[in-house]
Amino acid sequence: MEELLVPLVPMSHTAHIRSHRKPRRNASSLAMRAGVAGGVLSTLAVAGAAGSANAAEPVTQTLELPTLTADLATQVAQSADATQQAAANYELQAERDAAAAKAAKQAKADLADAKKKAEAKKKAEAARKAAAAQAVSRSTERTVLSASSAPSAGSSASTNVSAPASGSVATVIAFLKAQVGDAYVMGGTGPNAWDCSGLVQAAFRQVGVDLPRVSEAQSTAGTPVSLSNVQVGDILYWGSAGSAYHVGVYIGGGQYLDAANPSKGVVIQDLSGYPATGAVRVL
C-alpha cells in the first residue's frame, strides 16, 4: 500500500496569532483613505491661504456691549438713588454735629460772660456801699467842722481877711482832706463837687475867713510869700498874681491839695510835679 505524502508549507511562527496577521485591504478602504488625505491636504491649503490673507490685512474685531434690560436699568437707578440718599444723610448728620458743637461752645462762652458780669456787679455793689459809707463819714465830719467854726449868734462874717484863732490851719486842712475823691465840676461849690476856687473858699470859710469866689481874686487876698517860705495852709496859685487860673492849698511835705480837673477830681499832688507860680498867706 502506498503512503500519501502531504506537502508541508512553511509558515511564520506567529501566523496563528490573529493580531499579528496583516488585515486585508479592500478597494473601498483604500478609496476612503485617499479621500481623507485629499481633504486634509485641501484644508491645509485653504488654511495656508487664509493665513496669508490674514497676515496681509489685519482684522478689526468689534465687541458688542450687552443690552441693558429694563430690570437691570431699574436696579442701577435704585442703587444711584440709595447712594445719593446716603450721601445726603451723611451731610445732614455732619451739619447737625457742627451745629451741636457750635451751640456747646456758645453756651460755654455765655456762661463765662455771665460769671464775669456777676463778679463785676458784685464789685460794683461793694464799691457803691463803700462810697456810701465814705459819704456818710464825710458828711459827719463836715457837720462837726461846721459846728466848731460857726460864728456866734448876732455876729456877721467879716468881709476882710483876718487872723483866725489858734488851730484854724488844722481845721482847714482837715476839711480839705475830707473832700478827697469828690468830683471836679466847673463852678462847683460843694458839697460833693467842686472847682479849684470853690473848694478853697469853702475850706477857709470853716474858720471864718471869707475869701473871694474866683482864683484871680484869691491870688491877691492875703500876704504874698515866696515859695521857699511857704507854710501849711498857704494858698498856692498858678499864673500871675491877680490873673491866676488855678489855686490850691499847701498841706506840707512838698504836697498840695486841690480840685485838679474833671479827670482827677479832688486829689493830693506833689508840688514838684506841677510847681506853683506864687503863694499868699491868710492864716
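So, H3 and H4: their axes, meaning lines fitted to C-alpha atoms over the stretch in contact, come within 8 Å and cross at roughly 135°. Helices here are DSSP runs of H or I, at least four residues, and strands are E runs of at least two, numbered from the N terminus.

A word on the source: this is a predicted model, where local features need pLDDT of at least 70 and side-chain atom pairs 80 or more, while totals for chains, interfaces and linings use all residues. Residues are numbered from 1 along each chain as its sequence is written, and side-chain values use heavy atoms, with hydrogens and water left out.

Okay, who meets whom? Val172, Phe175 and Leu176 from H3 contact Leu199, Ala202, Ala203 and Phe204 from H4, contact being heavy atoms within 4.5 Å. Phe204 also touches Leu211, Ile235 and Val249, among others.

Now the largest nonpolar core, which has 26 residues. That's buried Ala, Val, Leu, Ile, Met, Phe, Trp, Tyr and Cys joined through side-chain atoms within 4.5 Å, buried being under 20% relative accessible area with a 1.4 Å probe, protein chains only. Leu176, Trp194 and Phe204 are among the members touching the most others. H4 gives the most, six residues.

Last, the strands. S8 (278-281) pairs antiparallel with S3 (223-225) over three bridges, where pairing takes at least two DSSP bridges. Arg281 in S8 partners Thr223. S4 also runs antiparallel to S8, again with three bridges, and Tyr237 partners Gly278 there.

Key
Buried means under 20% relative accessible area, exposed over 50%, partly exposed in between (1.4 Å probe, protein chains only). Axes are lines fitted to C-alpha atoms, for helices over the stretch in contact, and angles run from 0 to 180 degrees between N-to-C directions. Lists of a residue's contacts leave out its neighbours within four places in sequence.
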